[in-house]
Amino acid sequence: TWRAHLERILADGAGKPVESVLQELMFDFLKTLRENAEMVRFCATERQRNPELAAFHLQKIEENHHLLCDFLRTRQEAGEIRPEADVSTAAGLLMGAAYSCFLLYGEHDDSVWNPIVDGLAGSGVDVVMNGIHPCPAV
């Protein structure tokens, strides 16, 4: 499962900047989604008709979300993320955007897919880390 990948990336993230860890996480998540495209699409479809599958799928997503949030809170406590930042929303934005990108573009060839992955892992993480507002005047 992707959970093992997530645990490895977060464990290996000690000493790395948060942004680098999140970029690696995004690349790996998108790669894993694409490698398991048939099953991912099956779950996305079947969960609409099967409440038990939907509940199980949501439980797995929430467990992974909590693990990522715990990592981000630890980094927040270390001063690497603004104290008032909502790390749950940040994690949800990244992972939700990755999942949506996979559903929309995952079947395209690499010439379409790779720039999307690069953009989301690079610019997407940057937007979550730094926002889109102009830098305050110095």
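Trainee: Which residues is Asn64 in contact with, leaving aside its neighbours within four places in sequence?
Mentor: Trp2, Arg3 and Leu6. Contact means heavy atoms within 4.5 Å. Before we go on: this is a predicted model, where local features need pLDDT of at least 70, side-chain atom pairs count only at pLDDT 80 or more, and totals for chains, interfaces and linings use all residues. Residues are numbered from 1 along each chain as its sequence is written, and side-chain values use heavy atoms, with hydrogens and water left out.

Trainee: OK. Where is Asn64 found?
Mentor: In helix α4. Helices here are DSSP runs (H or I, at least four residues), and strands are E runs of at least two, numbered from the N terminus.

Trainee: Is Asn64 buried or exposed?
Mentor: Buried, because its relative accessibility is 18%. The cut-offs: buried is under 20% relative accessible area, exposed is over 50%, and partly exposed is in between (1.4 Å probe, protein chains only).

Trainee: Which residues of α1 and α4 meet?
Mentor: From α1, Trp2, Arg3, Leu6, Glu7 and Leu10. From α4, Glu63, Asn64, Leu67, Leu68 and Phe71. By class, that contact has 6 nonpolar, 1 polar and 3 charged residues. Ala, Val, Leu, Ile, Met, Phe, Trp, Tyr, Cys and Pro count as nonpolar, Asp, Glu, Lys and Arg as charged, and the others, Gly among them, as polar.

Trainee: At what angle do α1 and α4 pack?
Mentor: About 5°, with their axes 11 Å apart. Axes are lines fitted to C-alpha atoms, for helices over the stretch in contact, and angles run from 0 to 180 degrees between N-to-C directions. So α1 and α4 are roughly parallel. That label covers angles under 35 degrees; over 145 is roughly antiparallel, 65 to 115 roughly perpendicular, and the rest oblique.

Trainee: What about Phe71: buried or exposed?
Mentor: Buried, at 11% relative accessible area. Phe71 lies in α4. Not counting residues up to four places away in sequence, Phe71 touches Leu10 and Val21.

Trainee: New topic. How many residues are in the largest nonpolar core?
Mentor: There are 32. A nonpolar core is a set of buried Ala, Val, Leu, Ile, Met, Phe, Trp, Tyr and Cys residues joined through side-chain atoms within 4.5 Å. Leu25, Met26, Leu68 and Leu72 have the most contacts inside this core.

Trainee: Which helix gives the most to this core?
Mentor: α2, with 8 residues. α1 (2–12), α2 (18–35), α4 (51–77), α5 (87–105) and α6 (110–130) each supply at least two.

Trainee: And what does Leu25 contact?
Mentor: Beyond its neighbours within four places in sequence, Trp2, Leu6, Ile9, Leu10, Leu68 and Met95.

Trainee: How many disulfides does the structure hold?
Mentor: The count is 0. A disulfide is a pair of cysteine sulfur atoms within 2.5 Å. For Cys43, the nearest cysteine sulfur is that of Cys101, 19 Å away.

Trainee: Last one. Is Gln76 buried or exposed?
Mentor: Buried, at 15% relative accessibility. Gln76 is in helix α4. Leaving aside neighbours within four places in sequence, Gln76 has contacts that include Ile81, Pro83 and Val87.
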